[in-house]
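Hello,

Here is the structure I said I would pass on. My notes on it follow below.

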Amino acid sequence: MSWTAIFVLAAGAYAFKLAGVFGAGLIVPRRLERAVGLFPAALLPALAVVQTFSEGRALVLDERALGLAVAVALVVARAPLIAVMAAATALVRAL
Amino acid sequence: MIRNAIAISVAVGAFGVSFGVLATSAELSVAQAMAMSLLVFTGASQFAAVSVVAAGGALSAAVGSALLLAMRNTAYGLALAATLGGGTGRRALAAHLVVDETAAMALTQPSPDRRRRAFWLTAALLFSLWNAGTLIGALGAQRFGDPERLGLDVAFPAAFIALVAPQLRRAGARTAAALGVAIALVCVPFVPAGVPVIAAAAAAVVVGLRSSRRAAA
């Protein structure tokens with residue numbers, strides 16, 4: 001990997017981050033403020049599911065699905081975050 | 001909050017080690033691997049770029065696929081902007097540290113003060129451990145092994161679900177979550193990695209606009 005590619009990637013990645021942090025007041029019209037407030041609810045479960053059920057462009061079903069199911073069950077039972085992470089990880093490792 | 005930040009950051013540190021190993025096996029120098037973790041600082045993008053290089057792909061493809069994965073940080077930044085406040089320099093520093101884990105930790109806190117503290121605390125731990133992990137991996141610590149073998153790849157989905165869960169008690173948020181998951185899964189086979197999660201933001205827009213209209217009516 002060339003240094004140029006690394007710097008292009010670093011600049012691009014930082015530009016995306018800056019666009020969000022500094023762009024909010026400029027590019028978010030008032031009626032979209034509520035939508036931005038819903039970003040965590042919309043993006044985080046989607047991210048979790050994509051990380052669990054996909055491999056590149058393929059949808060996959062493997063032991064991670066069981067790990068996530070256990071995590072969801074523990075979350076519903078109000079287990080603390082560390083317990084949720086540890087149980088899901090331990091289960092996937094055991095399978 | 002501190003224990004959660006530590007748990008997430010330790011898991012990220014383990015992935016840092018595997019990034020270091022993968023980077024050097026794709027013939028990046030130790031300095032290049034460190035430059036990526038210090039300057040790009042977006043785990044999924046770094047893995048994507050180095051994987052393309054390791055598979056013999058073109059550099060443009062490596063950078064392109066990495067940037068698609070970095071796009072969602074814009075969405076996190078928009079949501080975090082009100083929390084981060086402060087002067088331009090401070091916000092410019094904060095922007096560099098906006099990634100999945102810092103956004104998830106901060107945006108799921110109940111008050112603005114806790115959001116700010118969660119962001120900076122998680123960012124400090126995460127940045128330190130991700131870079132320490134990268135260095136250890138790049139210096140040839142193959143014996144630490146593959147985090148996937150440790151089951152750690154499910155640790156992040158589990159953590160994101162646990163963090164976002166309290167928000168999902170509200171009906172609108174639940175609808176946005178269900179719609180976001182559906183959109184992302186439907187998109188996976190048809191678009192490059194990174195795009196499905198961005199597409200899920202449409203769920204927030206649809207639900208947000210509908211509830212604004214109802215509030216106005």
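In helix α4 of chain B, the buried residues are Ala62(B), Val63(B), Ala66(B), Leu67(B), Leu69(B) and Ala70(B). These residues lie on the same side of α4(B), because the arc they cover around the axis is only 155°. They pack against α1 (3-27) of chain A, and also against α3 (43-54) and α5 of chain B. Please keep in mind that this is a predicted model.

On the contact between the chains, chain B supplies 83 residues and chain A supplies 61 residues. Within the chain B side that touches chain A, helix α5 (residues 72-84) gives the most, with 11 residues. That side of chain B is made up of 62 nonpolar, 16 polar and 5 charged residues.

The largest nonpolar core has 114 residues, and those that touch the most other members are Ala42(A), Leu80(B) and Ala158(B). Helix α1 (residues 2-25) of chain B provides the largest share of this core, 12 residues.

What does Leu80(B) contact, leaving aside its neighbours within four places in sequence? In chain A the partner is Val21(A), and in chain B the partners are Val98(B), Ala103(B), Ala106(B), Leu107(B) and Phe119(B).

Regards

Terms used: Residues are numbered from 1 along each chain as its sequence is written. Chains are lettered from A and ligands numbered from 1 in the order in which they are written. This is a predicted model: local features need pLDDT of at least 70, side-chain atom pairs count only at pLDDT 80 or more; totals for chains, interfaces and linings use all residues. Two residues are in contact if their C-beta atoms, placed from the backbone, lie within 7 Å. Helices (H or I, at least four residues) and strands (E, at least two) are DSSP runs, numbered from the N terminus. Ala, Val, Leu, Ile, Met, Phe, Trp, Tyr, Cys and Pro count as nonpolar, Asp, Glu, Lys and Arg as charged, and the others, Gly among them, as polar. A nonpolar core is a set of buried Ala, Val, Leu, Ile, Met, Phe, Trp, Tyr and Cys residues joined through C-beta atoms within 7 Å. A residue is buried if 20 or more other C-beta atoms lie within 10 Å of its own, exposed if 12 or fewer, and partly exposed in between; C-beta atoms are placed from the backbone. The arc is that of the directions from the helix axis to the C-beta atoms.
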